[in-house]
Structure formats: structure tokens, C-alpha cells
Amino acid sequence: MNTNTAPNQPPLDRAAAAFGLAAAIAILFNTVLAWVKDVYDPLNRFMASLTGHHWTTHGLADLVVFAALGVIFLNTGVVDRISPNRLVALLVGAVILAVVGLAAWFVLV
Amino acid sequence: MSDVILLAHPAFGVFGILAAVWVFVEALNAREQNAARTRLAAWVVTVCIVTAWILGGYWYVHYYAPDKAIILKGPWPWAHTLFMETKEHLFFVPLMLALYLPFAVRDTLFSNKAARNMVLAVAALIVLSGLAVEGAGAVISHGVKVATVQTGVKGVE
């Protein structure tokens with residue numbers, strides 16, 4: 001029995017669930033990419049060489065991850081196995097991790 | 001032109017935050033009658049935050065370098081090393097959430113509690129992360145000011 005949903009709780013719209021999960025992963029990807037490019041300068045320079053500035057490439061990479069994963073999740077059954085409440089918790093958790101992770105990184109490193 | 005872009009960037013950020021508050025209130029009072037208005041508000045959030053991203057990004061890439069040099073020579077170097085470094089990456093959080101919001105409001109919020117909770121959570125996160133980004137922008141701006149004021153005082157002496 002799924003303990004995260006009430007017995008008669010309707011599921012999220014399929015696109016809402018797919019792109020919700022994609023947003024959570026894109027937010028975590030954004031955080032990890034910020035860490036990696038901060039410690040690995042060749043990646044920073046490579047990203048800058050693609051668009052003229054590492055930050056522009058970073059933003060576009062986030063967009064691609066969000067859109068691509070959203071479409072993939074929409075066309076597969078991945079989100080059908082995640083309860084709506086768990087999806088909300090995943091997204092909120094991803095944002096908290098990103099905020100704390102980014103701020104702590106630039107305080108400590 | 002640089003100043004117009006610099007001022008328009010946080011202005012659109014504030015408009016996006018206010019629109020997210022609008023979405024939050026509409027979702028709290030979700031009924032069949034306000035479904036279209038909730039979707040409109042969600043699109044306003046998306047348009048405002050994306051505009052803030054494009055304007056802020058253009059200014060950051062083309063005009064920020066001299067300000068960065070001034071900040072790093074001033075008494076608040078952490079306005080760049082901590083606040084700008086965090087802000088330039090944290091900005092993508094409300095951006096991703098704002099891009100997601102139109103998908104989240106597709107559901108019938110008045111009859112689907114989980115969908116309503118998702119919209120409430122996303123709108124609240126846009127407001128909170130947006131305010132954090134706006135606050136960081138204020139600190140960065142003040143970092144330039146205290147550096148130039150210090151230089152000016154030294155110049156007078």
C-alpha cells in the first residue's frame with residue numbers, strides 16, 4: 001500500500017508529473033554543475049568556448065536537461081510509479097538542497 | 001542602456017515574485033471559476049522570470065566585469081565571491097520552477113488536492129528563492145557602492 005497518497009487521491013496530470021520530476025533533477029543538475037565547474041577549470045573554459053560565457057552555457061544546459069527529461073518522462077511510465085505527494089516532496093527537497101548546497105559551497109570553498 | 005537593463009532585471013524579478021503570490025492565492029481558493037485566471041497568472045510568472053533571466057544574463061555577460069573588479073578591491077569582496085557566485089547559479093532555481101509552473105496548473109486544482117499542493121509549493125518556492133536572489137542583488141549593488149565611496153573618501157583625503 002502506498003502510504004503517500006490517500007486511497008482516492010487522483011494522480012497528477014501526466015505532463016505536470018513528468019516536468020515536475022524533470023524540474024527537480026534539473027535543479028540538482030544545476031547545483032552539481034556549479035560545483036564541478038568551480039573546481040575543474042577546463043570544464044569552465046570549455047563551457048565558455050561554446051557560447052562565449054560559461055554562465056550562458058550553464059543556463060542553456062539546465063534548459064536542455066529540463067526539457068529533455070520532461071519529454072522522456074512524459075513518454076515513459078517513470079512518473080506513474082511516483083505518488084503525487086512524493087513528487088512534491090522531491091521538488092521541495094531539491095530546491096532546499098540547491099539553496100543550501102550553493103550557499104555553503106561559496107562560503108566554504 | 002546598461003542602466004536600463006540593470007534596473008529592468010530586478011523589476012521583472014519582482015513582477016515574477018508578485019505573480020507567484022497571485023498564483024499561490026488563486027490556488028488556495030481554487031474553484032472551477034478561477035482556473036483560467038490561475039493559468040494566466042502562471043504564464044505571467046514564466047514570462048517575467050524568463051525576461052529577468054535574459055536581461056540579467058545579458059548585463060552580467062556584457063557589463064559586470066568592471067563592477068566585479070571594483071567590488072574585489074573594496075571592503076566587501078564577499079559581495080562577489082559569496083553573493084554573486086551564489087546568485088548567478090541560484091537564479092536558475094526560480095527559473096526552472098517558473099518554466100514548470102504552467103505544466104503544474106494544467107490540472108483541475110479545485111478537485112485534485114495533490115495538484116493544488118504542487119502548485120502551492122512551486123509558487124511558494126518561487127517567492128522565497130526569488131526574494132533570496134533579489135536580496136543578493138542588493139548586496140552586490142551595495143558592494144560596488146561601498147567600494148566607490150571608500151575610493152572617493154580616499155581621493156578627498
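Leaving aside its neighbours within four places in sequence, which residues is Leu82(B) in contact with? I looked this up taking contact to mean that two C-beta atoms, placed from the backbone, lie within 7 Å, and I found Phe106(A) and Val107(A).

**Conventions.** I note that residues are numbered from 1 along each chain as its sequence is written, and that chains are lettered from A and ligands numbered from 1 in the order in which they are written. This is a predicted model, in which local features need pLDDT of at least 70 and side-chain atom pairs count only at pLDDT 80 or more, while totals for chains, interfaces and linings use all residues.

**Leu82(B).** I placed Leu82(B) in helix 3 of chain B, where helices are DSSP runs of H or I with at least four residues and strands are runs of E with at least two, numbered from the N terminus. Leu82(B) is partly exposed, because 19 other C-beta atoms lie within 10 Å (20 or more would be buried, 12 or fewer exposed, and partly exposed is in between). I also checked Ala136(B), which is 54 residues from Leu82(B) along the chain, and the two C-alpha atoms are separated by 9.2 Å.

**Chain B.** I read 5 helices and 0 strands in chain B, and the C-alpha trace spans about 70 × 25 × 20 Å along its principal axes. Of its 157 residues, 46% count as buried, and residues 24 or more positions apart account for 83% of the contacts with a separation of 6 or more.

**The contact between the chains.** I found 31 residues from chain B and 32 residues from chain A in this contact. Helix 2 (35-73), helix 3 (78-90), helix 4 (92-104) and helix 5 (113-156) of chain B each give two or more residues to the side that touches chain A, and helix 5 gives the most, with 10 residues. I sorted the residues of that side of chain B into 19 nonpolar, 7 polar and 5 charged (Ala, Val, Leu, Ile, Met, Phe, Trp, Tyr, Cys and Pro are nonpolar, Asp, Glu, Lys and Arg charged, and the others, Gly among them, polar).

**Chain A.** I noted a mean pLDDT of 92 for chain A, with 92% of its residues at 70 or more; pLDDT is the predictor's confidence in each residue, from 0 to 100. Over residues 1-6 of chain A, however, pLDDT stays under 50, and the model has 7 contacts beyond four places in sequence for them.
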